Amino acid sequence: MTPLPIRDRAGNALVGFRVVTDVELERLDDRVAVPAALVVVEHAGAVLMMFDSWRRQWELPGGTREPGETSRQAAVRELREETGIHGVEPDGVAVAEFDLTNPDRHELLAVYRVRLQAAPRLLVNDEALDFLWWPPSNPVGEDMNPLDAEIARRVIPSSTE
């Protein structure tokens, strides 16, 4: 694992990562503003990355909570909207802590995990232009979000760690 903090090309920083249980994540959701959720989708030792049409980089599926939504509901909705994956129940596994730019702010994000037995049919759309099954033991490419890659590595550690 890379020591934190780490930064992306926009200056955003992953400053903390805490493994939690599903119940702890739900309790946190009730007490603190957790405005977004990310989903680490695992299949055959690889993690699903989507090529984001707006940021022009490979990243984890996920996004902002809508009013009245829990982090889990946001994770399920964003996964369905961005990839076409539906009918899954993600497990809450971590809280990621960020210092973000544009605008400057400090945020917590809920991190969920979905393990798939079979590769799903993925749907290219306005948000996700392509998909990649990325083994976390592989190097992070120039066009991959290093923060999301580090989160994936912490959720799906390689067998060599």
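Predicted model: local features only at pLDDT ≥ 70, side-chain atom pairs only at ≥ 80, totals over all residues.
Visitor: Why is the pair formed by F51 and W58 called edge-to-face?

Guide: Let's start with what we look at. A pair of aromatic rings is described by the distance of the centres and the angle of the planes. For F51 and W58 the centres are 5.2 Å apart, and the planes stand at 70°. The structure holds one aromatic pair.

Visitor: What makes F51 and W58 count as buried or exposed?

Guide: The cut-off for buried is under 20% relative accessible area. F51 has 15%, so it is buried. W58 has 11%, so W58 is buried as well.

Visitor: How do you know where the buried residues of helix α1 lie around its axis?

Guide: Helix α1 covers residues 22-31, and its buried residues are L25, L28 and D29. Looking down the axis of α1, you find these buried residues within an arc of 105°, so they line one face of the helix. On the other side of α1 sit R27, D30 and R31, which are exposed.

Visitor: What do the buried residues of α1 pack against?

Guide: Their partners are β2 (13-19), α2 (71-83), β7 (91-100) and β8 (105-115). You can look at β7 through one of its residues, V95. Leaving aside neighbours within four places in sequence, V95 is in contact with several residues, including L25 and L28. V95 has a relative accessible area of 6%, which is under the 20% cut-off, so V95 is buried.

Visitor: Why is N145 called buried, and where is it?

Guide: N145 sits in the loop between β9 (128-134) and α3 (146-155). Its relative accessibility is 7%, and buried means under 20%, so N145 counts as buried. The side chain of N145 reaches the backbone nitrogen of L147 at 2.7 Å. Not counting residues up to four places away in sequence, N145 touches D8, Q57, W58 and E59.

Visitor: How do you know whether A44 and N102 are buried or exposed?

Guide: Exposed means over 50% relative accessible area. A44 has 71%, so it is exposed. N102 has 74%, so N102 is exposed too.

Visitor: Which peptide bonds are cis?

Guide: One joins L4 and P5, with omega about 5°, and P5 is in the segment before β1 (6-7). Another runs from N102 to P103, with omega near -5°. P103 is in the loop between β7 and β8.

Visitor: What lines the largest pocket?

Guide: Its lining has 32 residues, and N12, W54, R55, L100 and R105 lie nearest its centre. The volume of the largest pocket is about 910 Å³. α2 gives the most to this lining, with four residues.

Terms used: Residues numbered from 1 in each chain as written. Heavy atoms only, no water. Phe/Tyr/Trp six-rings, centres within 6.5 Å; stacked < 30°, edge-to-face > 60°. Buried < 20%, exposed > 50% of the residue type's maximum accessible area, 1.4 Å probe, protein only. Helix = DSSP H or I, 4+ residues; strand = E, 2+ residues; numbered from the N terminus. Arc of directions from axis to C-beta. Contact = heavy atoms within 4.5 Å. Polar contact = N/O pair within 3.5 Å; in protein donor to acceptor, adjacent residues only side chain to side chain. 1 Å grid on protein atoms, 1.4 Å probe; cavity = no way out; pocket = protein on both sides within 12 Å on 5 of 7 lines; lining within 4 Å. Points joined across faces, edges and corners; volume = space filled by probe spheres on them.
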